[in-house]
Amino acid sequence: MPIRPLVTRYEDDLALFPTRWNKIGLVVGVALLLLAPFVANRYWLDVLNLTAVYVVGAVALVILTGFTGQISLGHAGFMAVGAYSAAVLGNHLGLPFWLVLPVGGLAAAGVGLIAGPFALRLRGLYLAIITIGLVFVVNHVLRSFPSLTGGVQGTSVPMLWWFEPGGATDFLGGYRAATRLGGMRLESDVKIYFLFAALAVFTAWCGVNLRRSNSGRAMMAVRDHDLAAAVLGVSPARYKIIAFGISSFFAGVAGAMYAFKSAFITIDPPFNMAMSVEFIAIIVIGGSTTVLGAVLGAFFYSVARPLAESAANRVDLLDALSSSQQSLLVLALLVIGFMLVEPTGLRGIWVKVRLYFSGWPFRY
Amino acid sequence: MTHPAPLLHVDGVTLAFAGLVALDDVSLEVPEGSLFAVIGPNGAGKSSLFNCISGAYRPRSGDIRLRGKSLVGVPPHQVAARGVARTFQNLAVFDELTVLSNLMLGRHHLMRAGWLSDLLWLRGTRRQEVAHREKVEQVIDFLRLEKYRRQPAAVLPYGVKKLVEVGRALCMEPDLLLLDEPAAGLNQEETEALAHYLLEIKETFGITQVLIEHQLGLVLDLADRIAVLDFGRKVAEDEPAAIARHPAVVEAYIGVGSSSEIDGVPTGGAT
């Protein structure tokens, strides 16, 4: 069986799933995505939903840090803007859930476009420090309007109103109520799962599109050698700003998803610098310059964390730590391990495995 | 050889970095369709001249005009859009990108689809990718890069990287091509091939070239006209045959005390 069909048109060369094996992988992947919520119990469904949030957030960060080379520790700030936009607009203006997702993204993108110009004059660690500041500024602003955001007490997210309009008035009863769809019972978590899965797939698809088109190439050119990019006609300033805008948009969407999932949100935690670092760690684990890396990193981290926590509960010394301390420990060990052993991340391992099998049975 | 209107005018350009004069009142006229070489010892200001033309540096005084329009103060990415392409002395291929992506970046200034269209892979983006791919493939054919198409630039041999950079500049379909030491670090065969490519770029594509090169033999063979820089000053400009005998060239480039007869001087295996 030929490994790759003969490409006779440039259009075919642009296909995302060119080979038979790619197509088989696509079908299997879609089937797994559709079946997962019916196989997983409530706990693991919750993990999967969180994974979708991580995927969207990590792809957003890859566009900014991986493609364009702008190290940002402000990711939690953008996510906070998205989360609170969703909650506040739902609570106070009564916007439907499908509208607050993009609007939350746009609000975060607005903040990103304000922060973006700083990126034009700063690079590397200096930019990272400025973007840390962004998290504190956003959190401060959110705390300053307690009538809207609930201040330090936090605010509820109108999940009931969004997902059960006209249904039971009791929050848990309405939101938790199952929906019947063609003879299948869809629990509320499952409804959220399908929404999140669609958003995660869409975001990853956008990231891949960016990477295989002119804008993404321009971003990577700016990352690798900005003067060389400029003499090719790429305006470094323009593409840094575009990257900030797109990245913060998806970070905002991820924030809104986080709000959906939590149903009640506070400012700090979770939207603090630790969250920004968490996303940096996810893309480092995955392999920081590709969408595949972001997706792999998100899956790996969100699955590794509960496993590690349950393992830690069996060890006396680690059991004394809180669950967030345990996950921080896991994260730190994972990042150090990957930096030492496989700096190209999970994607690097995947590429090596694929290379091995494409040459099999030859070893070199 | 008849060259009509000059494509590039460099008119009394002076560039200084905190007291160090990198270029001192340098004037050049590069005729359309010619291959113009700039030679001189290290630190003579050759690359600084390129940086001024391509917009990376802004000269303290003087003017640089392309087809009569001033390039001074125009940012690099707009200079590119006006038809100036350049390669770098220290390789500037994008290591993480494939050869194909590197070359497609040469088409950047001709691409019109916006970022939203790219993000959603709309029809404009898809058609643009195909249309420009055809042009890029012509350059791949010309430079015989077919087998490297899908490889990331980082894994390529040095000589191929140099070619990729020239190819990327060619993909821009420029009016003026600035080549900063394209033969540096190439072996004899690669240099020979490069010489043929440069001649063909001139004859077939009709692209005007300005060449900075240290291999004097190569320059004397290829160039229509040669300017010599030394300590930021233009000390000579003439046809190759005359340059080879110019006393200022011999002094600045070969060193005082050398024979004024340059033909016998080893030239680094260029020819």
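In strand β4 of chain B, the bridge partner of B:H9 is B:R65. This pairing, like everything described below, comes from a predicted model. Strand β1 (residues 6–17) of chain B and strand β4 (residues 61–66) of chain B run antiparallel and are joined by 5 bridges. In general, the strands of a sheet pair through backbone hydrogen bonds, in either a parallel or an antiparallel manner. The two strands belong to an open sheet of 4 strands in chain B, which has the order β2-β1-β4-β5 and antiparallel pairing. Because β2 (20–31) and β5 (69–70) of chain B each have a single partner strand, they stand at the edges, and one side of each is left without a neighbour in the sheet. Helix α1 (residues 46–53) of chain B packs on this sheet, where it touches β1, β2 and β4 of chain B, and its direction makes an angle of about 65° with that of β2(B).

A further antiparallel pair in chain B is formed by strand β9 (residues 225–230) and strand β10 (residues 233–238), which are held together over 5 bridges. Within this pair, B:D230 stands opposite B:R233 in β10(B). The two strands form a hairpin with 2 residues between them, and in the turn B:F231 has a positive phi of about 50°.

Helices of chain B also pack on one another, as seen for α3(B) and helix α6 (residues 158–171) of chain B, whose axes lie 6 Å apart and meet at an angle of about 35°. The crossing of these two helices, α3(B) and α6(B), is right-handed. On the side of α3(B) the contact is made by B:V99, B:N102, B:L103, B:L105 and B:G106, while α6(B) contributes B:V164, B:G167, B:R168, B:A169 and B:C171. Taken by type, the residues of the contact of α3(B) with α6(B) comprise 6 nonpolar, 3 polar and 1 charged.

Where chain B meets chain A, 33 residues of chain B are in contact with 27 residues of chain A. On the side of chain B that touches chain A, the elements giving two or more residues are α2 (76–81), α3 (99–106), α4 (115–120) and α5 (123–143) of chain B. Among these, α5(B) provides the largest share of that side, with 6 residues. The residues of the side of chain B that touches chain A divide into 18 nonpolar, 7 polar and 8 charged.

B:W121, found in the loop between α4 and α5 of chain B, has a phi near 55°, which is a positive value in a residue other than glycine. B:R144, in the loop between α5 and α6 of chain B, likewise has a phi near 55° and is not a glycine. Their surroundings can be stated separately: B:W121 has 20 C-beta neighbours inside 10 Å and therefore counts as buried, whereas B:R144, with 12 other C-beta atoms within 10 Å, is exposed.

The bond from A:D268 to A:P269 is cis, with omega near -5°, and the bond from A:P269 to A:P270 is cis, with omega near 10°. A:P269 is found in the loop between β4 (264–265) and α14 (273–286) of chain A, and A:P270 lies in the loop between β4 and α14 of chain A. Elsewhere in chain A, A:F194 lies in helix α10 (residues 188–211) and counts as partly exposed, because it has 15 C-beta neighbours inside 10 Å. The C-alpha atoms of A:F194 and A:P37 are separated by 8.5 Å, although these residues are 157 residues apart along the chain.

The overall composition and dimensions of each chain complete the description. Chain A has 18 helices and 4 strands. Its radius of gyration is 21 Å, close to the 21 Å that the globule rule gives for 364 residues, so chain A is as compact as a globular protein of that length. Of the 364 residues of chain A, 44% count as buried, and residues 24 or more positions apart account for 75% of the contacts in chain A with a separation of 6 or more. Chain B contains 10 helices and 10 strands. Its radius of gyration is 19 Å, close to the 18 Å that the globule rule gives for 271 residues, so chain B is as compact as a globular protein of that length. Buried residues make up 47% of the 271 residues in chain B, and its C-alpha trace spans about 65 × 40 × 40 Å along the principal axes.

How values were computed: Residues numbered from 1 in each chain as written. Chains lettered and ligands numbered in written order. Predicted model: local features only at pLDDT ≥ 70, side-chain atom pairs only at ≥ 80, totals over all residues. Pairing = 2+ DSSP bridges. Contact = placed C-beta atoms within 7 Å. Axes fitted to C-alpha atoms, helices over the stretch in contact; angles between N-to-C directions. Nonpolar A, V, L, I, M, F, W, Y, C, P; charged D, E, K, R; others polar. Left-handed = near helix turned anticlockwise from the far one by under 90°. Rg over C-alpha atoms; globule rule 2.2 N^0.38 Å.
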